[in-house]
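Please read it alongside the sequence and the model.

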Amino acid sequence: MQHTISVLVENEFGVLTRVASLFSGRGFNIDSLSVAPTNEEGMSRMTIVTRGDDNILEQITKQLNKLIDVIKVIDFTDGSGIEREMALVKVTAEDESRAEVLRIVDIFRAKIIDVTPKSYTIEATGNPLKIDAILDLLRPLGLKELVRTGAVSIGRGAKGWKG
Amino acid sequence: MKMNGARIMLECLKQEGVDTVFGYPGGTVINIYDELFNVKEIRHILPRHEQAGTHAADGYARATGKVGVAIATSGPGATNTVTGIATAYMDSIPMVIVTGQVPTALIGNDAFQEVDIIGITRSCTKHSFLVRDVKDVATIMKKAFYIARTGRPGPVLVDLPKDVQIAQAEFVYPETVEIRSYKPNLEGHPRQVEKAVAMLLESRRPVLYVGGGVVLGNASDELTSLARKLTIPVTTTLMGLGSFPESDVHSLGMLGMHGSYCANMAMTHSDLIVAVGARFDDRVTGKIATFAPHAKIIHIDVDPTSIKKNVRVDLPIVGDVKDVLSKMIKQVDKQKEKVAGFVAALGPWHEDVAGWKIKHPIGYKQSTTIIKPQFVIQKLRELSDDDAIIATDVGQHQMWTAQFFQFNKPRTLLSSGGLGTMGYGLPAAMGAQAAFPDRQVIAICGDGGVQMNIQEMATLVQNRLPVKIVILNNNFLGMVRQWQELFFDKRYSQTCMELPIDYIKLADAYGAKGFLASKPDDVEKVIKQGFAEKGPVIMEFKIAREEKVLPMVPAGASLNEMVLNA
């Protein structure tokens with residue numbers, strides 16, 4: 001089962017490597033990982049999408065917490081989080097397919113951010129499943145290049161991570 | 001007061017009460033060594049190899065309970081410490097390793113003797129620091145010691161570039177340390193403790209399964225008290241030996257692959273296992289699917305990741321074992337009547353356990369013509385001091401020591417349990433002897449492992465560390481040979497140490513004494529001669545070459561499928 005975990009870390013030298021080598025050293029999977037600083041100075045936030053049964057997830061959470069630089073681990077698997085991902089897609093757009101691409105972009109409320117006579121570059125944002133869906137529709141038209149950020153996640157409700 | 005980074009580091013060691021360090025000089029630590037000239041409070045011991053220096057710091061830490069300190073230069077000096085660091089990490093030994101590093105401006109340039117030691121040791125340290133500003137040296141050293149000794153202890157590496165050692169800063173040692181992302185949970189939850197005691201008092205076939213956490217957590221007294229109050233049989237892992245007196249009637253000895261028949265049978269038939277500071281290692285559980293099939297499991301450990309890692313757990317208690325055991329004792333003391341009933345109801349269980357002890361005790365067949373290794377270990381116990389410290393290498397001699405020495409006090413066995421490091425015994429004994437110059441320290445080695453750090457004979461002689469080195473010599477890498485005999489059709493590939501070494505001459509070359517025993521009648525005499533010497537000694541015993549460590553649970557088999565005689 002896929003899980004999305006947020007990891008708040010000290011913005012210290014080598015912290016990304018510590019987290020990444022924990023996953024590789026213990027044989028855990030990383031489907032995607034994104035990391036950037038937060039509103040608190042010296043603190044970064046990672047969103048890791050991983051897979052495993054309950055026992056593996058428990059070990060992942062505990063092992064992450066054991067790393068000295070990890071401040072907090074939040075598991076959003078119970079649906080308590082909102083997930084978003086962005087994709088930049090370069091797609092072939094010539095003749096009749098130009099209109100089809102535009103229709104798809106419109107339906108998914110995506111944006112065209114670069115245009116040439118032979119291509120469109122699209123910015124799409126949303127739940128990762130939505131990104132999968134737009135890609136499924138664009139793929140037959142000719143995907144030239146794809147960049148995904150990986151999911152980021154935040155809890156629902158008025159509370160911040162500190163409560 | 002302003003001083004350079006090298007001196008600040010040494011002042012930090014003084015503040016932490018460090019009296020002994022094991023280190024090896026080199027280009028990027030030369031400033032530290034220059035300052036060391038002015039620091040009289042710290043005894044520096046120069047090993048002949050950085051790996052041995054790290055093992056010595058580890059042995060010092062295991063014997064004393066204090067944080068062991070090792071220093072090495074950058075590059076090869078640092079990489080030589082890796083085996084020592086990994087050994088300490090696997091057994092949760094508190095250590096601080098200070099390595100020199102090339103100047104910060106050269107880091108990443110493949111400079112002379114540059115190596116990314118932080119990267120290399122990432123997976124075998126509890127934490128590590130690269131110091132990039134001389135102003136941070138004191139804070140980082142404070143954090144390093146704090147992290148090394150608290151929670152589940154472990155080695156912490158501090159990489160100190162040469163320019164940081166040279167730069168000047170005001171020395172202020174922080175009085176407290178606060179790391180927002182590191183707050184080990186030391187206090188066992190009272191409700192979980194209550195539940196544990198209730199489960200315990202309802203059980204009829206309980207076993208206390210005790211690991212190195214009880215030794216590290218200085219909780220032997222609490223454990224012994226709880227076991228005796230409730231008359232619960234106690235089995236220990238290799239790392240737990242000494243935490244409960246093996247002379248006690250409730251002791252089952254060691255469990256697992258080379259554990260006693262009664263310990264493994266007790267685990268298999270138990271209805272409640274209380275794991276204390278142990279981690280259900282594969283050498284202990286055997287085949288996981290059939291491990292302790294009838295037992296509920298209570299698991300007490302300071303490290304939450306140890307819980308439910310290998311086996312299902314019915315009641316977890318995260319906390320310092322000393323705290324949790326003390327709370328359990330208080331609960332037990334409140335329920336005198338119930339406890340009396342519980343103890344009375346354990347009668348049949350005690351009978352079962354006693355029966356298994358009698359049926360297949362740990363033993364061997366004595367010989368009048370050839371020295372049996374087990375006999376040497378028994379004689380060593382008989383003739384050594386009560387508080388003697390034993391260090392071992394890894395292999396057959398290590399298991400014979402665990403089976404036959406009978407450990408009654410914590411911190412008297414130093415052995416590489418998790419990593420299984422050959423060459424550990426001699427330098428670890430050296431570290432323990434440096435900490436306790438007046439106690440008897442014995443390194444029990446095989447002829448394979450002893451040669452992996454034999455150069456430390458020089459350190460022993462130079463520093464007047466009177467370690468007694470026992471070599472059980474079968475001219476084989478015995479444990480691997482045993483596996484080849486049992487599971488590989490006696491194809492002894494590369495396990496015969498064909499060149500006989502004259503260890504007596506070797507001892508002589510280093511300026512130490514050597515004694516040789518070739519027949520059983522010599523054993524007692526040689527041990528007495530060795531113990532009577534004031535300096536370091538080699539005692540070599542030419543033992544039965546193909547003697548095996550038994551009983552044995554073959555790898556992948558269940559604990560109750562022991563090979564008793566092969």
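The sections below cover the basis of the description, the domains, the chain contact, a helix pair and a sheet.

## Basis

This is a predicted model, in which local features need pLDDT of at least 70 and side-chain atom pairs count only at pLDDT 80 or more, while totals for chains, interfaces and linings use all residues. Residues are numbered from 1 along each chain as its sequence is written, and chains are lettered from A and ligands numbered from 1 in the order in which they are written.

## Domains of chain A

Chain A is assigned domain 1 (2–78) and domain 2 (82–152); domain bounds come from an automatic or database domain assignment. The C-alpha centres of these two domains of chain A are 29 Å apart. Between them, six residues of domain 1 are in contact with five residues of domain 2, where contact requires C-beta atoms, placed from the backbone, to lie within 7 Å.

On the domain 1 side, strand E2 (32–37) and strand E3 (43–51) of chain A each supply at least two residues. Helices (H or I, at least four residues) and strands (E, at least two) are DSSP runs, numbered from the N terminus. E2(A) gives the most, with three residues. By class, this side of domain 1 of chain A has two nonpolar, four polar and no charged residues. Here Ala, Val, Leu, Ile, Met, Phe, Trp, Tyr, Cys and Pro count as nonpolar, Asp, Glu, Lys and Arg as charged, and the others, Gly among them, as polar.

## Domains of chain B

Chain B is divided into domain 1 (2–170), domain 2 (190–359) and domain 3 (373–542). The C-alpha centres of domain 2 and domain 3 of chain B are separated by 31 Å, and their contact takes 13 residues from each of these domains. The domain 2 side of that contact has six nonpolar, six polar and one charged residues.

## Contact between the chains

Chain A brings 17 residues to the contact and chain B brings 14 residues. On chain A, helix H1 (15–25), helix H2 (54–66) and strand E4 (70–75) each supply at least two residues. The largest share of the chain A side, six residues, comes from H2(A). That side divides into four nonpolar, seven polar and six charged residues.

## A helix pair in chain B

Helix H3 (residues 50–64) and helix H5 (residues 82–90) of chain B pack at an angle of about 25°, with axes 7 Å apart. Axes are lines fitted to C-alpha atoms, for helices over the stretch in contact, and angles run from 0 to 180 degrees between N-to-C directions. H3(B) is therefore roughly parallel to H5(B), a term for angles under 35 degrees.

H3(B) contributes Gln51(B), Thr54(B), His55(B) and Asp58(B), and H5(B) contributes Thr83(B), Gly84(B), Ile85(B), Thr87(B) and Ala88(B). These residues comprise two nonpolar, six polar and one charged.

## A sheet in chain B and its helix

Six strands of chain B form an open sheet with parallel pairing, in the order E16-E15-E17-E18-E20-E19; strands pair if DSSP finds at least two bridges between them. Strand E16 (413–414) and strand E19 (513–517) of chain B each have a single partner strand, so one side of each is left without a neighbour in the sheet. Five bridges join E19(B) to strand E20 (residues 537–542) of chain B, and Gly514(B) stands opposite Ile538(B) in E20(B).

Helix H19 (residues 425–435) of chain B packs on the sheet, touching strand E15 (389–392), E16, strand E17 (441–446) and strand E18 (468–473). The direction of H19(B) makes about 175° with that of E17(B). Eleven of the eleven residues of H19(B) are buried, so this helix is largely enclosed by the rest of the structure. A residue is buried if 20 or more other C-beta atoms, placed from the backbone, lie within 10 Å of its own. Among the buried residues of H19(B) are Leu426(B), Met430(B) and Gln433(B).

Terms used:
Contact = placed C-beta atoms within 7 Å. Parallel < 35°, antiparallel > 145°, perpendicular 65-115°, else oblique. Buried ≥ 20, exposed ≤ 12 C-beta atoms within 10 Å, placed from the backbone.
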